[in-house]
Amino acid sequence: MLLLDNLLLSFLMMSLQLKSLEYGIYLQIIYIFLKHLLRNIKELKENIAKEPNRRVSLARIYSKTLKQNQIDLMEIWTLANKLEQYFAWPILLLFFYNGIDILTTTSWAYVQYVYETRLIYQIFRLTFIGVLLSNMLLLSYLAQKCINEYKKFSQLLNNFQLYPHDKEIILNVKEYSLQLMHQRLKFSCSGYMNIDLKNCGKVTLIILVYITILVQFKLSDVSEGAVRATKFIFGKY
């Protein structure tokens with residue numbers, strides 16, 4: 001029965017790690033799409049700046065291009081919301097279980113450090129901790145990349161060089177800017193926890209605090225054991 005429980009737990013942990021890989025691939029795809037749309041806006045901005053006395057038909061083409069870019073960005077925002085709904089619980093459990101595993105592995109490594117003579121076991125534990133931390137850090141890094149790229153849209157739209165006769169383009173730029181202001185791109189676990197570098201740092205800090213507390217308890221236990229052993233040896237226990 002114990003073996004079955006261990007196998008089920010191992011299967012669950014492997015599933016969560018693979019789920020994080022799948023989520024990371026989607027984040028990278030979103031980043032590539034954002035990069036492409038941002039490049040299109042930059043090209044549109046350069047074309048508008050090069051032709052101040054453009055024809056009305058050309059201005060309409062630029063306006064349609066900007067509108068299509070806005071629609072595509074809304075699709076990416078919708079995709080991010082769908083990803084949040086689909087990956088909410090797996091990613092939340094991933095951060096929770098990885099944090100618990102890091103704590104327990106660190107505590108066990110500290111306890112066994114005195115008794116184990118082979119360094120290979122400690123290296124294996126440190127590698128295991130590094131893999132768990134890197135999974136959380138990688139997801140947070142990819143999500144932060146997408147968020148930073150999304151913020152560049154507002155900065156770029158505010159720097160558009162427009163002229164009074166570009167009424168249609170001006171209206172589209174204002175509408176686009178309002179959309180970016182109200183529809184911020186974020187990745188979270190259904191509101192329980194945001195996925196970005198800031199929250200990853202908080203999680204890492206919490207883990208380090210708990211590890212410090214565990215080590216202090218272990219040190220106090222070792223000190224008490226040494227005192228009792230000394231008293232027992234000298235017949236004062």
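I will take the chain as a whole, then the annotated spans, then a few single residues.

This is a predicted model, in which local features need pLDDT of at least 70 and side-chain atom pairs count only at pLDDT 80 or more, while totals for chains, interfaces and linings use all residues. Residues are numbered from 1 along each chain as its sequence is written, and side-chain values use heavy atoms, with hydrogens and water left out.

The protein chain has five helices and zero strands, where helices are DSSP runs of H or I with at least four residues and strands are E runs of at least two, numbered from the N terminus. Of its 237 residues, 35% count as buried, meaning under 20% relative accessible area with a 1.4 Å probe, protein chains only. Contacts are heavy atoms within 4.5 Å. Among contacts with a separation of 6 or more, 83% link residues 24 or more positions apart.

Now the record. An unreviewed UniProt entry lists residues 20–38, 86–111 and 123–143 under "transmembrane region"; such annotations may be inferred rather than shown by experiment. In the model, residues 86–111 are 100% helix, with end C-alpha atoms 39 Å apart. Residues 123–143 are also 100% helix, and there the end C-alpha atoms lie 30 Å apart.

Last, single residues. Asparagine 69 sits in helix H2, residues 56–112, and is buried at 4% relative accessible area. Beyond its neighbours within four places in sequence, asparagine 69 contacts Leu37, Asn40, Ile41, Phe153 and Tyr176. Cysteine 146 is buried at 0%, and cysteine 200 is buried at 7%.

Conventions
Buried means under 20% relative accessible area, exposed over 50%, partly exposed in between (1.4 Å probe, protein chains only).
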